[in-house]
Amino acid sequence: MQAPETLFTRAEDRDLMVEAVREAGALALTFYQTELKKWLKLGDSIVTEADIAVNDLLERRLAVERPDYGWLSEETEDDPARLGRSRVWVVDPIDGTRAFAKGKPHFVLSVALVEDGAPVMGVLFNPATDEFFEASAGGGATRNGMPISVSDRSEIEGCRMAAHGPMFRHPAWPEPWPPMDIVERNSVAYRIALVACGEADAALALTAKNDWDLAAADLILREAGGRFTTHDGKPLVYNRELPRHRSLLAAGPRLYDALFERVGHLALPS
């Protein structure tokens, strides 16, 4: 018979998460803008010695101190035991590794605590810019301790769109997109954080993303008053057997509706 899980209070988990992420951010900075050891992994994505070091620190602090919680990280071999846990740490030690490796400050450390498929607390930390985004379910979202909220924009034309610019110039669109101010960031989590604090108006991706890319950003965006779904309006469920999502659409409520009208009908691979 399996022993019951030992679950801590939300406040205890939050304190542990914040302390661990700040410590990991300081470690990341010791590698930032240095000559990094780096290599390619499956899918031609880049990984550096900094990703591994930050991941190891977070795993020591979070997984070891919460042995009854699951662990899902981009840089750790997946353990299916997480599927039987009610609480799971979902981690991307450095989201935006290509930017980090180039010495550009467009990356974040991303940590979420997922409970029964939904993020209940999350942190995105960019130590290069000293931006610390945080949210808890029902508790609002902050950047460096100050409340944040999404923009109230409703029109697509002229909006600040955090996305991959060439996507909007693809010839398959039935009608051209109106002019937008494209905000290019290598880190999808950082793009969503910029939407959460109103520095961008929306984020859109029509290619697959993973739990560790989105879990913390999802909660922060929604707690800042925005809407976050797949491109066709479905909520994201985390800690499934395949921790992958085919798209994302994130914006303030009024702009979300306008964007959904343009993309909600698209048929994408599952």
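**Close-up views of the predicted model**

**View 1. The largest pocket and its lining.** The largest pocket is lined by 31 residues, and Ser45, Glu74, Lys209, Asn210 and Asp213 lie nearest its centre. Two or more lining residues come from each of β4 (87–95), α3 (97–101), α4 (188–196), β12 (202–205), β13 (209–210) and α5 (211–223). The largest contribution, three residues, is that of β4. This is a predicted model, in which local features need pLDDT of at least 70 and side-chain atom pairs count only at pLDDT 80 or more, while totals for chains, interfaces and linings use all residues. Residues are numbered from 1 along each chain as its sequence is written, and side-chain values use heavy atoms, with hydrogens and water left out. The volume of the largest pocket is about 910 Å³, taken as the space filled by probe spheres set on grid points joined across faces, edges and corners. On a 1 Å grid over the protein atoms alone, a pocket is an open set of points where a 1.4 Å probe fits, with protein on both sides within 12 Å along at least five of seven lines; lining residues have an atom within 4 Å of a point. By class, the lining holds ten nonpolar, eight polar and 13 charged residues (nonpolar: Ala, Val, Leu, Ile, Met, Phe, Trp, Tyr, Cys and Pro; charged: Asp, Glu, Lys and Arg; polar: the others, Gly among them). Helices (H or I, at least four residues) and strands (E, at least two) are DSSP runs, numbered from the N terminus.

**View 2. The salt bridge between glutamate 19 and arginine 61.** The side chains of these two residues meet at an N to O distance of 2.6 Å; a salt bridge is a side-chain nitrogen of Lys or Arg within 4 Å of a carboxyl oxygen of Asp or Glu. The pair links distant parts of the chain, 42 residues apart: glutamate 19 belongs to helix α1 (residues 10–31) and arginine 61 to helix α2 (residues 49–63). Glutamate 19 is partly exposed at 48% relative accessibility, whereas arginine 61 is buried at 14% (buried, under 20% relative accessible area; exposed, over 50%; partly exposed, in between; 1.4 Å probe, protein chains only). The count for the model comes to 19 salt bridges.

View 3. Arginine 82 pairs with aspartate 78, their closest N and O atoms being 2.7 Å apart. Arginine 82 is buried at 2% relative accessibility, and aspartate 78 is partly exposed at 38%. In the salt bridge between arginine 87 and glutamate 115, the closest N and O atoms are 3.4 Å apart. Arginine 87 lies in strand β4 and glutamate 115 in strand β5 (residues 108–115), so this pair ties together parts 28 residues apart in sequence. Arginine 87 is buried, at 8% relative accessibility. A network of salt bridges links Arg10, Asp13, Arg66, Arg87 and Glu115.

View 4. Helix α4 is mostly covered, with nine of its nine residues buried, including Tyr190 and Arg191. Glycine 225 follows α5 and has a positive phi, near 100°.
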